[in-house]
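Please look over the following model, with attention to how its residues pack.

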Amino acid sequence: EMKRAGVEPNAVTYAVVMKSYERAKDWKSALQVLALMKTRGLVVDSRAYTAVMNACVSSAQPDLALELYAEMLQASLKQPFKPVMG
């Protein structure tokens with residue numbers, strides 16, 4: 001809908017979407033949004049990574065969460081990862 005209105009989503013917009021996917025435990029959609037942010041050249045911060053990692057952990061995808069954590073550290077983002085348990 002934003003695009004139809006001529007407004008481009010920014011990093012904050014994507015972060016809100018990823019947080020929603022985190023709460024829904026929808027790791028696949030959260031991961032797609034993360035990839036879209038990278039494709040569009042947006043800055044992916046530690047909050048974005050953490051939302052996707054939490055979605056992975058809460059959806060029984062710990063290996064993927066660890067891969068993302070390593071990627072985040074490699075990008076020099078040092079936000080502590082606080083996984084959602086359950």
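Leaving aside its neighbours within four places in sequence, which residues is A30 in contact with?

## Basis of the model

This is a predicted model, in which local features need pLDDT of at least 70 and side-chain atom pairs count only at pLDDT 80 or more, while totals for chains, interfaces and linings use all residues. Residues are numbered from 1 along each chain as its sequence is written, and side-chain values use heavy atoms, with hydrogens and water left out.

## A30 in helix α2

Beyond four places in sequence, A30 is in contact (heavy atoms within 4.5 Å) with M18, Y21, V52 and A55. A30 belongs to helix α2, residues 27-39 (a DSSP run of H or I, at least four residues, numbered from the N terminus), and is buried at a relative accessible area of 0% (buried is under 20%, exposed over 50%, partly exposed in between, with a 1.4 Å probe and protein chains only).

## R47 in helix α3

R47 sits in helix α3, residues 46-58, and counts as exposed, with 62% relative accessibility. Its side chain makes a polar contact with the side chain of D45 at 2.8 Å (a pair of N or O atoms within 3.5 Å; within protein, one must be able to donate a hydrogen and the other to accept it, and residues adjacent in sequence count only if both atoms are side-chain atoms).

Notes: Helices (H or I, at least four residues) and strands (E, at least two) are DSSP runs, numbered from the N terminus.
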